[in-house]
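Work through these exercises on helix packing. Two packed helices are described by the angle between their axes and the distance between the axes.

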Amino acid sequence: MRMTVIGTGYLGAVHAACMADIGHDVLGVDIDAEKITALAEGRPPFYEPGFEEVLTRALASGRLRFTTGLREAAAHGEVHFICVGTPQQAGSGAADLRYVDAVVDGLAPHLAASCLVVGKSTVPVGTTARLSARLMDLAPRGVRAEVAWNPEFLREGFAVEDTLRPDRLVVGATSREADETLRRVYAPMLAAGVPCISTDPNTAELVKVAANSFLATKISFINAMAEVCDAAGADVVTLADALGHDTRIGRRFLNAGVGFGGGCLPKDIRAFAARARELGAGPAVAFLDQVDEINRRQRIRTVALTRRLLGGDLTGRRVAVLGATFKPDSDDVRDSPALDVATALDRQGAVVRVHDPEGAGNARLAHPELHCGSDLMTSCRDAEILLHLTEWGQYREVDPVKLARVVRTPILVDGRNALAHDAWRAAGWTVEALGRPAPTARCADARVGRPLRATITSPAAEPDRAATAVGRL
Ligand code: UDX
């Protein structure tokens, strides 16, 4: 099928290459000429495992081309996928839909034949209906153009896998014809047994924000438990393991630590809450404000823990931060908890060095004030404390004995609860993590029946500092 993919970021570029890979004739479109040139030459503009291979294969097949022109796009596609960003509006939690609207406005006047416009971006419920009216208004008379919604659930780091072998497909269309068109697009996936849910556009739009809200809630739930564990001298990782064995709960997305970030979860829950308020359903999702608050608090608590471990004053103290991206296997630093903590420490006077295998370049662009590099030993040299904030696989391979010789003081904060604490302790490191008691405290608790370990000061108990930190973060 002849299709266009408009917006070639993490979502669109992968979607375009994968659609060509399964046999469609695809035109990728973006206003960023540099990005389009790179993609057309087979150079991924971002780091995503497996993407370069699919891109190269798709370009070689002759079924994938790129352009910056919406006129060309209008002429090419029987299906147009909208994959542009829907960032958070400045000064509010609501989604900024200007890029989505601009696609419809730019495409509509050039349409010469009937087509289907399919949104994949995450949008507030009701967007399909609004865009349908807009498209009908702007398209030339006699052209039948319909809008449907087909949300994307891909995870960065697994984008190719999630696009070619999704858990499920969701199609939100108002006509049977549109539904059938999308089923033809995804025919190879459907033949492989991927479940496909056909529904109305409002439900389809809601599936995406509901899914991300659920995932965010699960993470914040376990991080809330980490706070309780800190107060009680209990261990959140053992708690999560034990909870996870209950198949109704499951162990995935119960990793406590510095919390969630990225271009999706934080802004999606805020946009969902804002839209629900507009619809008069604000109280139904008021818990999302708490989810967001718990998540922000993990960053503040990580800064507070670092400050405490360094004796209460960060001025001039050398901190090494492992990880800049919001998650491993990505170079995306949008709303990254690791970078947020690094910048907060920097503002409080610490000398911060950030290491990331793939995200150092983006981190430097976002925060020129930070030292960011991709050589681990250089970043850790003479550090007085090491913060593990993004769980890249290579950090689990590090030899703690060797690293202890490079740093000035062997203190580790495992902000992702992903390192082998016993091995690090055996190598002479003091290891601390949110929601984890020090081993001695655990024994002592059993003896005297009360937690001996100093709990990490919560923002509620330290209002001034918390208020400053929230403002800064
Ligand atoms: C997410 C959704 O998973 C995906 O379905 C949607 O389409 C887009 O948003 P992504 O942003 O790639 O995908 O990241 P995800 O893997 O969901 O992780 C989000 C954040 O949560 C990361 O910062 C990650 O480190 C954090 N996280 C995840 C935790 O803190 N604990 C966990 O247990 C899991």
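**Exercise 1.** Describe how helix α10 (residues 201-232) packs on α13.

Solution. The two axes come within 9 Å and cross at roughly 50°. Axes are lines fitted to C-alpha atoms, for helices over the stretch in contact, with angles from 0 to 180 degrees between N-to-C directions. α10 and α13 are therefore oblique to each other (under 35 degrees is roughly parallel, over 145 roughly antiparallel, 65 to 115 roughly perpendicular, the rest oblique). The crossing of α10 past α13 is left-handed (near helix turned anticlockwise from the far one by less than a right angle; right-handed if clockwise).

This is a predicted model: local features need pLDDT of at least 70, side-chain atom pairs count only at pLDDT 80 or more, and totals for chains, interfaces and linings use all residues. Residues are numbered from 1 along each chain as its sequence is written, and side-chain values use heavy atoms, leaving out hydrogens and water.

**Exercise 2.** Describe the packing of α13 (residues 287-309) with helix α14 (residues 337-347).

Solution. Their axes lie 9 Å apart, at an angle of about 45°. That makes α13 oblique to α14. The crossing is right-handed. On α13, R299, T302, V303 and T306 make the contact (heavy atoms within 4.5 Å); on α14, P337, D340, V341, A344 and L345 do.

**Exercise 3.** Compare the span of α13 with the expected one, and state what follows the helix.

Solution. α13 has 23 residues. From first C-alpha to last, α13 reaches 33 Å, close to the 33 Å expected at 1.5 Å a residue (1.5 Å times one less than the number of residues). G311 follows α13, with a positive phi near 90°.

Technical notes
Helices (H or I, at least four residues) and strands (E, at least two) are DSSP runs, numbered from the N terminus.
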